[in-house]
Amino acid sequence: GALSVGVMPSFWLQICMFVLALFLAFTKRRCEKILLEDKAASHRTALNSYSMNLLNQMINICAVACIILYGLYTNSFEVTRRIHSHAMMYSIIFVFYGIFRYLYLLDIKKIISDPTEIISSDKSIIINIILWLCFVMFVISKFTY
């Protein structure tokens, strides 16, 4: 997306998106193992290589890494130089909430579904994404000159 508008994509944002993709992939593998139980290995051979404990650890590591990397992105020189402010750092609140909400849905509500379906069907996550977008657009419009 950044290249299409002639902006060099941020290194921190690229790494953050990579870790977010890993986070979603590991949560999907976890859901598959729960749904398929003993048949998981016959469905997808790779599922035999994961224990629930390992998947939970990888999910937690990716969640923390994603929050930290997004924080580094919002405080990076390129972002603060582009918008002439550190205000983008406050958008990390939405990232915390989104990841925490997603983990809550998986662990407490026991929602076992495709990550896309979980994200697109949960009203709290949808509202959070809209609020994040509004906040980011506000910061860009207010501080970019």
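**View 1. D122 and R101 pair up in a salt bridge.** In this predicted model, the side chains of D122 and R101 come together at 2.8 Å, N to O. D122 sits in the loop between α6 and α7 (123-143) while R101 belongs to helix α5, so this pair ties together parts that are 21 residues apart in sequence. Both D122 and R101 are buried.

**View 2. D114 meets K28 in another salt bridge.** Here the N to O distance is 3.4 Å. D114 is found in the loop between α5 (92-107) and α6 (115-121), and K28 is in helix α1 (residues 11-36), so the pair links parts that are 86 residues apart in sequence. D114 counts as partly exposed because its relative accessibility is 30%, and K28 is partly exposed too, at 31%.

View 3. E32 is buried: its relative accessible area is 11%, and buried means under 20%. The salt bridge count for the model comes to 3.

**View 4. S76 reaches back to Y73.** The side chain of S76 gets to the backbone oxygen of Y73 at 2.8 Å.

**View 5. V64, I68 and L72 make a nonpolar surface patch.** Together these residues cover about 260 Å². One of them, L72, is in helix α3 (residues 52-74). L72 counts as partly exposed, since its relative accessibility is 38%.

How values were computed. Residues numbered from 1 in each chain as written. Predicted model: local features only at pLDDT ≥ 70, side-chain atom pairs only at ≥ 80, totals over all residues. Heavy atoms only, no water. Patch = residues over 30% accessible without salt bridge, like charges linked within 9 Å, V, L, I, M, F, W, Y side chains within 5 Å. Areas by Shrake-Rupley, 256 points an atom, 1.4 Å probe, with all protein chains shown as cover. Salt bridge = Lys/Arg side-chain N within 4 Å of Asp/Glu carboxyl O. Helix = DSSP H or I, 4+ residues; strand = E, 2+ residues; numbered from the N terminus. Buried < 20%, exposed > 50% of the residue type's maximum accessible area, 1.4 Å probe, protein only. Polar contact = N/O pair within 3.5 Å; in protein donor to acceptor, adjacent residues only side chain to side chain.
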